[in-house]
Amino acid sequence: MKTYAGIPEENASLENSKVVLVTVPYDGTSTWGKGADKGPELFLDASENMELYDIETGTEPYLEGVYLAGEVSENSTPEAMTEAVYQKTKELLATDKLFTLFGGEHSVSIGSIRAVGEKFENLTVLQLDAHTDLRPEFHGSTSNHACAVFEANQKHNLVQVGIRSMDAEEVEYLPEGRVFFAHEIANNENWVNDVLEKVSGNVYITIDLDAFDPSIAPSTGTPEPGGLQWYPTLELLRKVFEKCNVVAFDIVELMDSAYSKPSAFLAAKLYYKMLAYYHINKD
């Protein structure tokens, strides 16, 4: 039986795991770089080649257990995929374990955020992304990757970090006072604390890997210059886990390409770091 990161089966059963991980290899609405459907496979492969001791926290997060809960393979329409992710998320949330998801393009987050928002009141959705993804619909669908957090913005406290690309029609939907543009972050040494002031309570973290600068994460569907760097991003995430009750997170938009390995390994390390931060604040 294949396990997350090749961990022993005793740490990979549902009964013994504090974390559940579902994969959604969907790439039905992306409009430029294709290959996000291979993201989960690349992520899992990189995870198997990663050292499992986290130096920063002095912990081995896998000992708390990670259960691979299968994949959502529905891809007939964007709406059908969203519904399938929603139902799978509801099923896994009933286990009262930390829900995590790996995509796939960013549209896969719509269904999972919907389900998490139904279970947890006063939800903050913290989005790390190069793009606002706030279109009400795109190419005839409300489940397009360009609409990934439109619904979240209508229902919850959306905080956006790393934004550096958007369409004029999205300006009216920007969450007022809760958008941290990349060009402003670059000139603000206190940006991490400024973000923390807007994030509270129950938190869902959704990370599009194009939030990172393409110098460290080149293999995404739409790489944008001027992105986030590794250590400042980890500082933000660590402090969010310290301050808030993180109830779920996802990572999306890892794309298959000739440059996929550095990005895949970054994604694997990012996921594992987030597990480390989660566990040290639960113990």
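In this predicted model, the side chains of His 131 and Asp 210 are joined by a polar contact of 3.1 Å. His 131 sits in the loop that runs between β4 (123–128) and α4 (150–155). Its relative accessible area is 15%, and because buried means under 20%, His 131 counts as buried. Leaving aside residues up to four places away in sequence, His 131 touches Ile 163, Ser 165, Thr 222 and Glu 224 as well as Asp 210.

The unreviewed entry lists His 106, Asp 129, His 131, Asp 133, Asp 208 and Asp 210 under "binding site". These residues are spread over 105 residues of sequence, yet they cluster in space, with a largest C-alpha distance of 12.3 Å.

Another histidine of the list, His 106, belongs to the loop between β3 (98–103) and α3 (109–119). His 106 has 0% relative accessibility and therefore counts as buried. Among the residues that His 106 touches, not counting those up to four places away in sequence, are Asp 129, Asp 133 and Asp 208, which are also named in the UniProt record. Other contacts of His 106 include Gln 127, His 145, Thr 206 and Glu 253.

How many of the 11 residues of α3 are buried? Eight are, so the helix is mostly covered. The buried residues are Ser 109, Ile 110, Gly 111, Ser 112, Ile 113, Ala 115, Val 116 and Gly 117. They pack against α2 (78–93), β3, β4, α4, β7 (202–208) and β8 (245–252).

Notes: Residues numbered from 1 in each chain as written. Predicted model: local features only at pLDDT ≥ 70, side-chain atom pairs only at ≥ 80, totals over all residues. Heavy atoms only, no water. UniProt positions renumbered as here; feature names shortened; annotations may be inferred. Helix = DSSP H or I, 4+ residues; strand = E, 2+ residues; numbered from the N terminus. Buried < 20%, exposed > 50% of the residue type's maximum accessible area, 1.4 Å probe, protein only. Contact = heavy atoms within 4.5 Å. Polar contact = N/O pair within 3.5 Å; in protein donor to acceptor, adjacent residues only side chain to side chain.
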